[in-house]
Amino acid sequence: MHQYLVSQGYWSYINSALEKKPDITNTNYPTWELGATWVMYRLATCVHDHMLSHIRDANTPKGAWENLRKIFVPT
């Protein structure tokens with residue numbers, strides 16, 4: 001998934017300035033929301049149904065990624 005998001009130009013929603021949701025009054029908000037929705041959709045389509053709650057509970061793609069990382073990456 002990492003390589004896919006990087007190749008599509010969406011990794012910045014996980015690991016850069018775009019990981020934080022801008023204020024709704026920010027002029028960049030509609031663009032951020034569109035990209036964030038796309039990332040969340042891609043994450044949701046790549047996990048088993050029983051994992052969807054871990055994505056739905058997140059407010060941002062970064063949050064969803066972190067939730068999945070906690071499950072799949074050993075500490």
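Lys62 and Glu66 both lie in helix α5, four residues apart, which is about one turn of the helix; helices here are DSSP runs of H or I of at least four residues, numbered from the N terminus. The structure is a predicted model, in which local features need pLDDT of at least 70 and side-chain atom pairs count only at pLDDT 80 or more, whereas totals for chains, interfaces and linings use all residues. Residues are numbered from 1 along each chain as its sequence is written, and side-chain values use heavy atoms, with hydrogens and water left out.

The side chains of Lys62 and Glu66 meet in a salt bridge (3.6 Å, N to O), a term that requires a side-chain nitrogen of Lys or Arg within 4 Å of a carboxyl oxygen of Asp or Glu.

In helix α3, Tyr29, Trp32, Gly35, Ala36, Val39, Met40 and Leu43 are buried, where buried means under 20% relative accessible area, exposed over 50%, and partly exposed in between (1.4 Å probe, protein chains only). These residues cover an arc of only 140° around the axis, which puts them on the same side of α3, the arc being that of the directions from the helix axis to the C-beta atoms. On the other side of α3, Pro30, Thr31, Leu34 and Tyr41 are exposed.

Methods: Helices (H or I, at least four residues) and strands (E, at least two) are DSSP runs, numbered from the N terminus.
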